[in-house]
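Let's take a walk through a protein model together.

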Amino acid sequence: MLSARPAPAKIPFLILSVLLLAACGGGGSSSSSTSTVAAASQSQNPFLPTTANVVWRFNGGTTAEFNGTRSVAGATVDILEYSSGGREYYVTTDDAIFLRGLFSPRIVVSGQGTFTADSDFGENLLLWKRGMLPGAFRSFNTTGVTTVSPTFGAQTLNVRGNVSYRGPESIDVPGYGPVDAERIEYDLTLTAVISGRTFVVNADIGLWFAEGLGIVRRTEGSAVFTLTAIDGNDRDGAGLFADTDLDLDDAALRFLRPPRALARAPAPAHRHPALTD
């Protein structure tokens, strides 16, 4: 998941360990000097309900919840924060999910100390779009900025990787039974040259998005996190957290019962042949 890669005429850092996002559940959150918390966005993508007031609970004590937004290049980016302090930055539309960046709360570098890295990829990376065909694949190579604290500040970041859509897959969620989820996988290589040395972090991530529930499974390298419960405002009592029949008077409760309306919508007549924006 991590490596130190030499560049011409530059000495690499020896990166001993990286806590990217979901690993090591529990504990407090880390703060970032570049984050700006604001009101939640109004996107209503049913596969990633950023506006719902819910907490996703995964095996091993890991939790995740949307914690405000930040503004990047005029776009509203939703902050998904894990109990490790790691964060993912998402941009969503009614039918698509994009990844804009991430925050790693703990990077240990030999002879240098422990740091955090808050990374903006410079563009929205498309993860999934309604109508994709299984097997759709895309590579990306872009330039962004990473803020390495407490020592190095803002640095130019090269972002390379691939994203693939594996298709729908059934995931057994306790209290809900088998749930159809859209499975995507992506790999990232993040590279920055800092004080004449090359800093490289690699990540391999899998995500399963279920309609009405959000992320029901996540993999990070060999670690697997599967949804075990959801705490939140099930607004119309349907067992879903991104449906449209909203009853705003519902109290925040935990719902662990089969939903009434979890059936998948019929596939659209036209399907996109490839992974495109």
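Let's begin with the overall plan. The protein chain has 14 strands and zero helices. If you read along the sequence, the pattern is simply β-β-β-β-β-β-β-β-β-β-β-β-β-β. Of the 277 residues in the protein chain, 52% count as buried. The accessible surface of the protein chain is about 11,700 Å², and carbon and sulfur atoms make up 52% of that surface. Among the contacts in the protein chain with a separation of 6 or more, 58% are between residues 24 or more positions apart.

How confident is the prediction? For the protein chain, the average pLDDT is 74, and 67% of the residues score at least 70. Confidence is highest in S9, at a mean of 94, and lowest in strand S14 (residues 253-254), at 31.

Now let's follow a run of strands, starting with S8. S8 and S9 run antiparallel and are joined by twelve bridges. A hairpin of three residues takes the chain from S8 to S9. To see the two strands facing one another, find Gly144, which stands opposite Leu157 in S9.

From S9 the chain goes on to strand S10 (residues 177-194), and these two strands are antiparallel as well, with 15 bridges between them. Here Asn158 stands opposite Thr191 in S10. The hairpin between S9 and S10 has three residues, and Gly175 in its turn has a positive phi of about 90°.

The next step brings us back to our opening pair.

One more hairpin follows. S11 pairs with strand S12 (residues 214-220) in the antiparallel sense over six bridges, and Phe209 has Ile215 in S12 as its bridge partner. Three residues separate S11 and S12 in the hairpin, and Gly212 in the turn has a positive phi of about 85°.

Next, let's turn to the side chains with rings. A pair of aromatic rings is described by the distance of the centres and the angle of the planes. The structure holds three aromatic pairs. In one of them, the ring centres of Trp56 and Phe66 are 5.9 Å apart and the planes are at 75°; an angle over 60 degrees counts as edge-to-face, so this pair is edge-to-face. Trp56 belongs to strand S2 (residues 54-58) and Phe66 to strand S3 (residues 63-72), ten residues apart. Trp56 is buried because its relative accessible area is 2%, under the cut-off of 20%. Phe66 is buried too, with a relative accessible area of 14%.

Another aromatic pair, Phe115 with Phe152, is tilted, with 5.3 Å from centre to centre and 40° between the planes. Phe115 lies in strand S7 (residues 113-129), while Phe152 lies in the loop between strand S8 (137-149) and strand S9 (153-173), so the pair ties together parts 37 residues apart in sequence. Both Phe115 and Phe152 are buried.

Rings can also have a charged neighbour. The charged end of Arg70 sits over the ring of Tyr89, 4.3 Å from the ring's centre. Arg217, for its part, lies over the face of Trp208, at 5.8 Å from the ring centre.

Our last stop is Ala75, in strand S4 (residues 75-82). With 23% relative accessibility, Ala75 counts as partly exposed. The C-alpha atoms of Ala75 and Asn124 are separated by 9.8 Å, and these residues are 49 residues apart along the chain.

Technical notes:
Residues are numbered from 1 along each chain as its sequence is written. This is a predicted model: local features need pLDDT of at least 70, side-chain atom pairs count only at pLDDT 80 or more; totals for chains, interfaces and linings use all residues. Side-chain values use heavy atoms; hydrogens and water are left out. Rings of Phe, Tyr and Trp (its six-membered ring) pair if their centres lie within 6.5 Å; planes under 30 degrees apart count as stacked, over 60 as edge-to-face and the rest as tilted. Helices (H or I, at least four residues) and strands (E, at least two) are DSSP runs, numbered from the N terminus. Buried means under 20% relative accessible area, exposed over 50%, partly exposed in between (1.4 Å probe, protein chains only). A charge sits over a ring if NZ of Lys or CZ of Arg is within 6 Å of the ring centre and within 35 degrees of the ring normal. pLDDT is the predictor's confidence in each residue, from 0 to 100. Contact means heavy atoms within 4.5 Å. Accessible areas come from the Shrake-Rupley method with a 1.4 Å probe; for residues, only the protein chains shown count as cover. Two strands pair if DSSP finds at least two bridges between them.
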